[in-house]
Amino acid sequence: MTLLELQQKANPVLANIWSVIQTRQATYFANHGKYFQLLITPDTEVADGADSPFTIRHPSDAQFIVDIDVPWASTIPFQISVDTTDGPDGHGYSATVTAKVGVKIYQRTRDHTNADTGWSEIIPLVI
């Protein structure tokens with residue numbers, strides 16, 4: 001699979017799941033005064049656009065778990081995580097997807113303002 005093929009497969013799925021996350025985050029913030037986080041989904045078999053189950057992974061300190069669960073019945077061709085931010089400009093969140101094409105790793109992030117990084121290659125740090 002090429003990066004273009006991955007994008008063509010992943011982008012429609014990502015658009016749908018992003019809409020679900022935005023709705024859940026708005027409800028969660030209205031009810032609890034903060035946004036929720038999700039740990040990255042497992043990377044088992046998530047390479048070259050392989051479909052994998054969407055698995056909810058809560059941080060160990062997550063509260064109100066029932067309000068966090070994102071209903072998603074279909075498979076996804078990437079890993080996904082949701083992070084939160086707190087700063088002088090207020091509270092926010094972002095979702096990051098990670099996908100492998102061959103040996104290369106790509107990520108795309110969108111935040112609560114709909115700012116989107118687009119797909120970019122991630123070069124792992126070697127220590």
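**A tour of the cavity and the core**

The structure holds 1 cavity of 30 Å³ or more, a cavity being a set of points, on a 1 Å grid over the protein atoms alone, where a 1.4 Å probe fits but cannot get out. This is a predicted model, in which local features need pLDDT of at least 70 and side-chain atom pairs count only at pLDDT 80 or more, whereas totals for chains, interfaces and linings use all residues. Residues are numbered from 1 along each chain as its sequence is written, and side-chain values use heavy atoms, with hydrogens and water left out.

Select Leu-14, Trp-18, Ala-95, Arg-108, Thr-109 and Arg-110, which line the largest cavity; lining residues have an atom within 4 Å of a point. About 40 Å³ of space lies inside, a volume being the space filled by probe spheres set on the points, which are joined across faces, edges and corners.

Next, colour helix H1 (3-32) and strand E5 (104-111), each of which supplies at least two residues of this lining; E5 gives the most, with 3 residues. Helices (H or I, at least four residues) and strands (E, at least two) are DSSP runs, numbered from the N terminus.

Then turn to the largest nonpolar core, where, of 26 residues, Ile-17, Ile-21, Phe-54, Ile-76, Phe-78, Ile-80 and Trp-119 touch the most other members. Such a core is a set of buried Ala, Val, Leu, Ile, Met, Phe, Trp, Tyr and Cys residues joined through side-chain atoms within 4.5 Å, buried meaning under 20% relative accessible area with a 1.4 Å probe, protein chains only. H1 gives this core its largest share, 8 residues.

Finally, centre on Ile-17, which touches Phe-54, Trp-72, Ile-76 and Ile-80, not counting residues up to four places away in sequence, where contact means heavy atoms within 4.5 Å.

Note on methods
On a 1 Å grid over the protein atoms alone, a cavity is a set of points where a 1.4 Å probe fits but cannot get out, and a pocket is an open set with protein on both sides within 12 Å along at least five of seven lines; lining residues have an atom within 4 Å of a point. Buried means under 20% relative accessible area, exposed over 50%, partly exposed in between (1.4 Å probe, protein chains only).
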